[in-house]
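Have a look at the sequence and the model below, then follow the points topic by topic.

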Amino acid sequence: MKFQRYGAVAGVAVAASLALSACGSDNNNATGGSTSTASGTSAASSCPSGTLALAGSTAQQNAISQWKKDYQTQCTGVTVNYNGNGSGAGVTSFIQKQADFAGSDYALSSTQATQVTSAGRCGSGGAAVDIPAVPGAIAVVFNVPNVSTLNLSATTLAGIYNGTITNWDNAAIKAENPTATLPNLAIQPFYRSDTSGTSYNFSNYLHALGGFAAANKQFPAKAGQGAKGSSLVASKVKATAGAIGYVEYSYATEDSLSYAAVSNASGAYVPLTQTNAANFIAKAKVTQSGSDTKLAFDYTYAAADAYPATLVTYEIVCGTGNDASQLPLIKGFLNYIVSSSAQGELTSLGYVALPTAIAADDTTAIAGLK
């Protein structure tokens, strides 16, 4: 096992990557695979063919939607189906062999890892691995009439979801926004009702800096209304005066929602930009064990240009024991996901590209899948 800290944003991932034309998998000469060139790029001998069933994270759904179009255009014999049913449900689908791999905004828990082994999901004694793929920011979106910008501390957000701050003209919100004209309007909090990695990461941020309940994929709110999936949370906020919620950044931009600057460990308010999110993600501690890679965010990091409410979506896949007929499809699409071509699209889609070193580790891990 090794530990590594990345000190700066690496920009768009340039790993041993597939270009759009390189649709096949690096499958150690398996049928439908590709071979790696000395320069570190891949030359596809052929595309795999068949249907890939995926499930999980709604945070990465907008990215996956674009990538499956790109990939299927180049590899016309491939069909990629993605069920954005949430991180928890997606992992369950994977364990039950209803998905070839699953997207999850938190790494596989020890309980889930045991379930994988007990179910024999990855063959006798086989284990699943975490492959970080889609970094992004969590936007705190709001709908307050005639207010387009807000500062909201982690403590205030915790108060809103704990039910102790219930009106937009609350003294705490006024103190954080002295120039805003805040109405006497009830706050209508929305949160994810399903088991969600976005909920896990947002509650983790609130716990670390706002004294909220411990991180939980089932959001531990004491006030508000639940809505299933990021898209529905965004829709509810947009349609409800006084509403507040949390969604992956691409949903905020897609629905033209206002979003707040949030506090860091020093109490300063950091605006949400993709660059600021990338700066914070780049400081995560990276833990590796074989082909498994996990990131742990450092909420004590308090640079003025590092937005601390972030997440990374992992692709949960069998390290060994994959179905031989599906393995070229699994490796082919995963290789595309971490390629410079796919990662280069993330900024325009509202996400953040993987740091180069992590993308390189991903490529090595994918090559070793069996």
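Counting a disulfide as a pair of cysteine sulfur atoms within 2.5 Å, we find two of them here. Please keep in mind that this is a predicted model, in which local features need pLDDT of at least 70 and side-chain atom pairs count only at pLDDT 80 or more, while totals for chains, interfaces and linings use all residues. Residues are numbered from 1 along each chain as its sequence is written, and side-chain values use heavy atoms, with hydrogens and water left out.

**Disulfides**

- Cys-47 and Cys-75 are joined by a disulfide, with an S to S distance of 2.2 Å.
- This pair links distant parts of the chain, 28 residues apart: Cys-47 sits in the loop between strand 3 (42–44) and strand 4 (50–56), and Cys-75 in the loop between helix 1 (61–74) and strand 5 (78–83).
- Helices (H or I, at least four residues) and strands (E, at least two) are DSSP runs, numbered from the N terminus.
- The link of Cys-47 and Cys-75 is left-handed, with -60° about the S-S bond.
- For accessibility, buried means under 20% relative accessible area, exposed over 50%, and partly exposed in between (1.4 Å probe, protein chains only).
- Cys-47 is partly exposed because its relative accessibility is 30%, whereas Cys-75 has a relative accessible area of 0% and is therefore buried.
- The other disulfide is formed by Cys-122 and Cys-318, whose sulfur atoms are 2.1 Å apart.
- Cys-122 is buried at a relative accessible area of 2%, and Cys-318 is buried at 0% relative accessibility.

**Salt bridges**

- A salt bridge here is a side-chain nitrogen of Lys or Arg within 4 Å of a carboxyl oxygen of Asp or Glu, and the structure holds three.
- Lys-294 forms one with Asp-130, where the closest N and O atoms are 3.3 Å apart.
- That pair links distant parts of the chain, since Lys-294 is in strand 16 (residues 292–296) and Asp-130 in strand 7 (residues 128–143), 164 residues apart.
- Lys-294 is partly exposed because its relative accessibility is 31%, while Asp-130 is buried, with a relative accessible area of 2%.
- Lys-294 also meets Asp-292 in a salt bridge, at 2.6 Å from N to O.
- Asp-292 is buried, having a relative accessible area of 10%.
- Asp-194 and Arg-192 pair through their side chains in a salt bridge of 2.8 Å, N to O.
- Asp-194 is buried at 10% relative accessibility, and Arg-192 is buried at 1%.

**Helix packing**

- Helix 4 (residues 154–162) packs with helix 6 (residues 197–210) at an angle of about 120°, and their axes are 8 Å apart.
- Axes are lines fitted to C-alpha atoms, for helices over the stretch in contact, and angles run from 0 to 180 degrees between N-to-C directions.
- Helix 4 and helix 6 are therefore oblique to each other; angles under 35 degrees count as roughly parallel, over 145 as roughly antiparallel, 65 to 115 as roughly perpendicular and the rest as oblique.
- Residues of helix 4 that meet helix 6 include Leu-157, Ala-158 and Tyr-161, and their partners in helix 6 include Phe-202, Tyr-205 and Leu-206.
- Contact means heavy atoms within 4.5 Å.

**A buried helix and a buried leucine**

- In helix 10 (residues 327–337), 11 of the 11 residues are buried, so this helix is largely enclosed by the rest of the structure.
- Among the buried residues of helix 10 are Leu-329, Ile-330, Lys-331 and Phe-333.
- Leu-52 belongs to strand 4 and is buried, with 0% relative accessibility.
- Where does Leu-52 stand relative to Ile-330 in sequence and in space? The two residues are 278 residues apart in sequence and 7.2 Å apart in space, C-alpha to C-alpha.
- Not counting residues up to four places away in sequence, Leu-52 touches residues including Val-80, Phe-101, Leu-329, Ile-330 and Phe-333.
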